[in-house]
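Here is a short tour for someone meeting this structure for the first time. Have a look around before reading on.

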Amino acid sequence: MRTGYLSSWAALTLMLATANSLPAAAEESGHWHGLSVLVRTDQKVAKVEDRANHMVYVNEYDGAVYNGEGKPFLDRARYQVVALVDVGVTGGGYKTFTDADGSKVFAKFTVTEGKMPDIRGTFEFTGGTGKYEGITGKGTFHDVFVSDKAAWDELVGEYKIPTEATGAANKK
């Protein structure tokens, strides 16, 4: 009987020790309210002759974003945009956010309402590097152009970043 108790205790101890050292999946998630300024750094224009005034633009913007709620997620990050505009047809493009440590977040966006100087749309996080690897999420944006080259941008959304808690981290 005593051997049975000892065997059970040894098996239980081994299971607990093993469970404590295995990685546990976790995630960081939250609400994000980003406020930014952007300046157009480059513009390419192509005239398409299939109808009157049909133009296609590729605009590049550079700027900075901060977290309007004072949280660390994308606070004081570089913010770059490549916008693709087919006048009267579609608008969208790509956003890149780069934190001070070099970690990046990538997003694609679609314009849903566009009448200058106000542009509104949606964005979706498509991936990241460093501490943002595996990020997902989505939200809305509102750009207001204050000149032909400068705009402010308000971004509101949700994000999830997978993280891994290790047994070593659990023991701290």
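What volume does the largest pocket have? It comes to about 580 Å³. A pocket here is an open set of points on a 1 Å grid over the protein atoms alone, where a 1.4 Å probe fits and protein lies on both sides within 12 Å along at least five of seven lines; the volume is the space filled by probe spheres set on the points, which are joined across faces, edges and corners.

This is a predicted model, where local features need pLDDT of at least 70 and side-chain atom pairs pLDDT 80 or more, while totals for chains, interfaces and linings use all residues. Residues are numbered from 1 along each chain as its sequence is written, and side-chain values use heavy atoms, without hydrogens and water.

The lining divides into 14 nonpolar, 8 polar (Gly counts here) and 5 charged residues. Strands (DSSP runs of E, at least two residues) that each supply at least two lining residues include S1 (24-47), S4 (90-98) and S5 (104-115).

S5 pairs with two strands (pairing takes at least two DSSP bridges):

| Pair | Sense | Bridges | Residues between |
|---|---|---|---|
| S4 and S5 | antiparallel | 7 bridges | 5 residues |
| S5 and S6 (118-128) | antiparallel | 10 bridges | 2 residues |

In the S4 and S5 hairpin, Gly102 takes a positive phi near 95°, and Gly93 has Phe109 in S5 as its bridge partner. On the other side of the story, Gly114 stands opposite Ile119 in S6.

Technical notes. 1 Å grid on protein atoms, 1.4 Å probe; cavity = no way out; pocket = protein on both sides within 12 Å on 5 of 7 lines; lining within 4 Å. Helix = DSSP H or I, 4+ residues; strand = E, 2+ residues; numbered from the N terminus.
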